[in-house]
Amino acid sequence: MEPNYVLGFLFVIYLVYILFLAFAFNRKLIIPNYLIVFGLFTLYAIFGNMFVSDDLREEGIVKYLYSNPFLQTFFGLLVIENIQVDKKWIKFAQIALGLTLIIASVVSIKQIVDPLFLTKETDFVQGLSYDRLTEYYSSNPTEKTGDVDRFFDGYRLSIFSYINEVSVGFDLIAIFSILLAIRLRNRFYSLVLILSSAAVGFLSSARWIMLNFFVVASQKFFLKNNVVLAILKFTLFGIILFAVLIAGINFAGINLNTFVQERLLADSAGTRLLAFEVFFKVFPDNPIYGTLGVDTEKMIRLLNGRSSQIHVGYLKLFYYYGLIGGIIYLSFLALLFKRMWKIGTSSNYWGGFFAFLAFAIANLTLVKFDLFHYGLLLAILFSNFFYRLNDNTLTNSTLRRSKTEIKQNGLLLRG
């Protein structure tokens, strides 16, 4: 099974357990506003898709429930919002996630000289070395899939290839944001986290991941009181880090000229302009309800092989789900950001806010609407923990202050 299918199935089981406790022991079920709106979007997307797709009939109800990414997201968020963890678990999770980043960076570096190292090979012809694979696909270009193409273009997914092709971006960046937002006293550990995340992000060869690395890293600077000084520090930090990465790339034997020309400066503007061109031609056909998740023949004909899809996430959102679905989804994002902002301002923990900011920015070029990525789910879990921890601290402080005032008043009365 796919890892996300396993995780989705476990969430379904755990959700049944939570619902049982809620009804059997009259426990309150927590459903935040953002999750209610996402639930509406999920219902709209799924019920609409049933009329134009055979997925439910082909997969069966059970698999459909745990494999649909929108249902997975809704179930996952509902479970996350209704569980509480203690400090011991959070400390263990910090260690585990920190090790994940370090191991991922080591694997990414190893994949420079051995591209097949710890790479999920199910999409390749089995049993061949990298040189033989290159030779085989050069002779049989029609057998190349999108994943195979990205592999030979130099995309490195590190250990995250065993989840899916975008996990290296969403989960890596979310974990980085989670750990960076915790006020770490050990500066060496913070530096290791930054360098590990930068190594995986830049060696992935994906520009959206590189951009989001800097978006998340900026939280250490832009949350300071002196914004101008923070910007100067962040600029200096970026220059130094970029210099270190260039030195590392050269040391690792990567042709820097090739890397810059073929990846950083690769022409993708044409694909984005094509997305706008095609969108404005196909959107008027179904402006209210959208295509309900289906690519029409007209869209495929207009793309004419120049792109695999409308490659701007928010355009694809309105193309698929129309004004109704698009507005509901954007409302969900707005409420989620409002919640993360509230947690950030009250607890000074901004890990969740920047993790989801990176997700929103990624969809300017990707097409990924579900949040069923373990890094993003953990971002919610950590945010809730620090919010409750801060709330409990304030409550205890208020109680102690009240007791002190009562004692003082009592002494005054007795006096």
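1. Buried residues are those with under 20% relative accessible area, exposed ones have over 50%, and partly exposed ones fall in between (1.4 Å probe, protein chains only). By that rule F372, with a relative accessible area of 1%, is buried. The model discussed here is predicted: local features need pLDDT of at least 70, side-chain atom pairs count only at pLDDT 80 or more, and totals for chains, interfaces and linings use all residues. Residues are numbered from 1 along each chain as its sequence is written, and side-chain values use heavy atoms, with hydrogens and water left out.

2. Overall make-up. The chain has 19 helices and zero strands; helices (H or I, at least four residues) and strands (E, at least two) are DSSP runs, numbered from the N terminus. Of its 415 residues, 46% are buried. A contact is defined by heavy atoms within 4.5 Å. Among contacts between residues at least 6 apart in sequence, 75% join residues at least 24 apart.

3. The largest nonpolar core. A nonpolar core is a set of buried Ala, Val, Leu, Ile, Met, Phe, Trp, Tyr and Cys residues joined through side-chain atoms within 4.5 Å. The largest one has 102 residues, and the members that touch the most others are I310, Y321, Y329, F332, F356 and F382. Helix α17 (residues 313-347) supplies the largest share of this core, 15 residues. Apart from it lies another core, of six residues, including L116, Y137, V148 and F151.

4. Helix α18. This helix covers residues 351-362; at 1.5 Å a residue its twelve residues should span 16 Å, and the end C-alpha atoms are 17 Å apart, which agrees. The expected span is 1.5 Å times one less than the number of residues. Ten of the twelve residues are buried, so that α18 is mostly covered. Among the buried residues are G351, G352, F353, F354 and F356. Leaving aside neighbours within four places in sequence, F356 is in contact with L336, F337, M340, L371, L376, A379 and I380.

5. S383 is placed in helix α19 and is buried, with a relative accessible area of 0%. A polar atom of the S383 side chain lies 3.5 Å from the backbone nitrogen of G352. A polar contact is a pair of N or O atoms within 3.5 Å; within protein, one must be able to donate a hydrogen and the other to accept it, and residues adjacent in sequence count only if both atoms are side-chain atoms. Beyond its neighbours within four places in sequence, S383 is in contact with M340, I343, Y349 and G352.

6. Aromatic pairs. The structure holds 32 of them. Rings of Phe, Tyr and Trp (its six-membered ring) pair if their centres lie within 6.5 Å; planes under 30 degrees apart count as stacked, over 60 as edge-to-face and the rest as tilted. F11 and F372 form an edge-to-face pair, at 5.9 Å centre to centre and 70° between the planes. Because F11 lies in helix α1 and F372 in the loop between α18 and α19 (374-414), the pair ties together parts that are 361 residues apart in sequence. F11 counts as buried at 11% relative accessibility.

7. F41 belongs to helix α2 and Y321 to helix α17, so the pair ties together parts that are 280 residues apart in sequence. F41 is buried at 0% relative accessibility, and Y321 is buried with a relative accessible area of 6%. One aromatic cluster is formed by Y34, F38, F41, F70, Y319, Y320, Y321, Y329, F332 and F369.

8. Positive phi values. S158, in the loop between α8 (146-152) and α9 (167-181), has phi near 55°, a positive value in a residue other than glycine. S158 is buried, with a relative accessible area of 0%. L292 lies in the loop between α15 (269-282) and α16 (297-303), and its phi is near 60°, again a positive value in a residue other than glycine. At 16% relative accessibility, L292 counts as buried.

9. I31. This residue is in the loop between α1 (3-24) and α2 (33-50) and is partly exposed, with a relative accessible area of 37%. Its C-alpha atom is separated by 9.7 Å from that of V79, 48 residues apart along the chain. Leaving aside neighbours within four places in sequence, I31 is in contact with I36 and L78.
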